[in-house]
Amino acid sequence: MASTKEYFDFILEQLSGLDDITARYMMGEYIIYYREKVIGGVYDNRFLVKPTKSAREKMPDAPLELPYDGAKPMLLVDNLENRDFLKELVSGMFDELPEPKKPRKK
């Protein structure tokens, strides 16, 4: 089941307190970036984030879920109404995320 545009728009609105949030639509789902680093995405109308140390500390009881078959597990974010929590969650993850991959030179 692909995510709905309405759910994706809701998540972006909840993250609007953060500067430089962008997203890319891929195969019916949305990958979300913060300052050019992938933080997670919207998969089957679920907001999932990478299981960084800080994300696990902020959400110790969050279940790990697969965004799609064959993917690495991610943490399910269920505190979607609290914008301050989401801002702290994403901001705290930033330093733990890998740098964006550089495009290959041909």
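Leaving aside neighbours within four places in sequence, which residues is Thr 52 in contact with? In this predicted model, the partners of Thr 52 on those terms are Met 93, Glu 96 and Leu 97. Thr 52 sits in the loop that runs between strand 4 (46-49) and helix 2 (53-58). With a relative accessible area of 9%, Thr 52 is buried, because buried means under 20% relative accessible area.

**Helix 3**

Met 93, one of the contacts of Thr 52, belongs to helix 3, which spans residues 83-93. The buried residues in helix 3 are Phe 85, Leu 86, Leu 89, Val 90 and Met 93. Viewed down the helix axis, these buried residues fall within an arc of 120 degrees, so they line one face of helix 3. An α-helix has 3.6 residues a turn, so residues three or four places apart point the same way. The cover over the buried residues of helix 3 includes helix 1 (5-14), strand 2, strand 3, strand 4 and helix 2. At the start of helix 3, a side-chain oxygen of Asn 82 comes to within 3.1 Å of the backbone nitrogen of Asp 84.

Lys 37 is a residue of strand 3. Is Lys 37 buried or exposed? Its relative accessibility is 4%, so Lys 37 counts as buried. Not counting residues up to four places away in sequence, Lys 37 touches Ile 32, Phe 94, Asp 95, Leu 97, Pro 98, Glu 99 and Pro 100. With Glu 99 there is also a polar contact of 3.3 Å between the side chains.

Glu 36 lies in the loop between strand 2 and strand 3. Although Glu 36 is not a glycine, its phi is positive, at about 75 degrees. Asn 45, in the loop between strand 3 and strand 4, also is a residue other than glycine with a positive phi, near 55 degrees. The table sets out the accessibility of the residues described so far.

| Residue | Relative accessibility | Class |
|---|---|---|
| Thr 52 | 9% | buried |
| Lys 37 | 4% | buried |
| Glu 36 | 58% | exposed |
| Asn 45 | 24% | partly exposed |

Rolling a probe the size of a water molecule over the atoms shows where empty space is left. The largest pocket has a volume of about 520 Å³. It is lined by 16 residues, and those closest to its centre are Ile 31, Tyr 43, Pro 67, Tyr 68 and Ala 71. Strand 3 supplies the largest share, 3 residues. By class, the lining of the largest pocket divides into 11 nonpolar, 1 polar and 4 charged residues.

The second largest pocket holds about 280 Å³ of space. Which residues line the second largest pocket? They are Arg 24, Tyr 33, Glu 36, Lys 37, Val 38, Lys 50, Leu 97, Pro 98, Glu 99, Pro 100 and Lys 101. This lining has 5 nonpolar, no polar and 6 charged residues.

Definitions and conventions:
Residues are numbered from 1 along each chain as its sequence is written. This is a predicted model: local features need pLDDT of at least 70, side-chain atom pairs count only at pLDDT 80 or more; totals for chains, interfaces and linings use all residues. Side-chain values use heavy atoms; hydrogens and water are left out. On a 1 Å grid over the protein atoms alone, a cavity is a set of points where a 1.4 Å probe fits but cannot get out, and a pocket is an open set with protein on both sides within 12 Å along at least five of seven lines; lining residues have an atom within 4 Å of a point. Grid points are joined across faces, edges and corners, and a volume is the space filled by probe spheres set on the points. Helices (H or I, at least four residues) and strands (E, at least two) are DSSP runs, numbered from the N terminus. Ala, Val, Leu, Ile, Met, Phe, Trp, Tyr, Cys and Pro count as nonpolar, Asp, Glu, Lys and Arg as charged, and the others, Gly among them, as polar. Buried means under 20% relative accessible area, exposed over 50%, partly exposed in between (1.4 Å probe, protein chains only). Contact means heavy atoms within 4.5 Å. The arc is that of the directions from the helix axis to the C-beta atoms. A polar contact is a pair of N or O atoms within 3.5 Å; within protein, one must be able to donate a hydrogen and the other to accept it, and residues adjacent in sequence count only if both atoms are side-chain atoms.
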